[in-house]
Amino acid sequence: SHSTLNRRMAELLQMSPVDYIKKKRLNAALVLLEQKKLTVSEVAYSVGFSSPSYFAKCYKEYFGTSPASRKKIVG
């Protein structure tokens, strides 16, 4: 059930399923940005975010820098 999943994820990973999926998407976005083949918006949509602005907000919270500046720095 939904509550069991949330409880077990909290026990094992200390995060909710939503946070776990968001973390996986952001790490996949980092890999795509390092390749420098896609724009930030294209990366946001390709990893499952419906809004590039929300993606940028989540990315900055997780990595401490904006995805646009990260794309310029890497490589």
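**Entry 1: helix α2**

I began with the burial of helix α2 in this predicted model, and I found Pro17, Leu26, Ala29, Leu30 and Leu33 listed as buried there. I then checked the length of α2: its 19 residues should span 27 Å at 1.5 Å a residue, and since the end C-alpha atoms lie 28 Å apart, the two values agree.

What follows α1 in the chain? I find glutamine 14 there, with a positive phi near 55 degrees. Most residues other than glycine have a negative phi, so I wrote down this residue with some care. Glutamine 14 is not a glycine, yet its phi is positive at about 55 degrees; it sits in the loop between α1 and α2, and it counts as exposed because its relative accessibility is 63%.

I then looked at what comes after α2, and found lysine 36, whose phi is likewise positive, near 55 degrees. Lysine 36 is not a glycine either, and its place is the loop between α2 and α3, the latter covering residues 40-46. With a relative accessibility of 39%, lysine 36 counts as partly exposed.

Which residues make the nonpolar surface patch? I listed Leu12, Leu13, Tyr20 and Ile21, which together give a patch of about 380 Å². The elements that contribute two or more residues to the patch are α1, residues 2-13, and α2, residues 17-35.

**Entry 2: aromatic rings**

I counted aromatic pairs next, and the structure holds 5 of them. One of these joins phenylalanine 55 and tyrosine 59, in a tilted arrangement with 5.7 Å from centre to centre and 55 degrees between the planes. Both residues belong to helix α4, residues 52-63, where they stand 4 residues apart, about one turn of the helix, and both are buried.

How are the rings of tyrosine 59 and phenylalanine 63 arranged? Their centres are 4.6 Å apart and their planes meet at 50 degrees, so I record this pair as tilted. Tyrosine 59 and phenylalanine 63 also lie in helix α4 with a spacing of 4 residues, about one turn. An α-helix has 3.6 residues a turn, so residues three or four places apart point the same way.

The burial of the two partners needed a separate look: tyrosine 59 counts as buried because its relative accessibility is 0%, whereas phenylalanine 63 is partly exposed, with a relative accessible area of 28%. Taking the ring pairs together, I find that they link Phe49, Tyr54, Phe55, Tyr59, Tyr62 and Phe63 into a cluster.

**Entry 3: the chain as a whole, and confidence**

The chain has 5 helices and 0 strands, and reading along the sequence gives the pattern α-α-α-α-α. Along its principal axes the C-alpha trace spans about 40 × 20 × 20 Å, and of the 75 residues in the chain, 21% are buried.

As for confidence, the mean pLDDT of the chain is 90, and 92% of its residues reach 70 or more. Which elements have the lowest and the highest mean pLDDT? Helix α5, residues 67-73, has the lowest mean at 71, while α3 has the highest at 95.

Note on methods. Residues numbered from 1 in each chain as written. Predicted model: local features only at pLDDT ≥ 70, side-chain atom pairs only at ≥ 80, totals over all residues. Heavy atoms only, no water. Patch = residues over 30% accessible without salt bridge, like charges linked within 9 Å, V, L, I, M, F, W, Y side chains within 5 Å. Areas by Shrake-Rupley, 256 points an atom, 1.4 Å probe, with all protein chains shown as cover. Salt bridge = Lys/Arg side-chain N within 4 Å of Asp/Glu carboxyl O. Buried < 20%, exposed > 50% of the residue type's maximum accessible area, 1.4 Å probe, protein only. Expected span 1.5 Å × (residues − 1). pLDDT = per-residue confidence, 0-100. Phe/Tyr/Trp six-rings, centres within 6.5 Å; stacked < 30°, edge-to-face > 60°.
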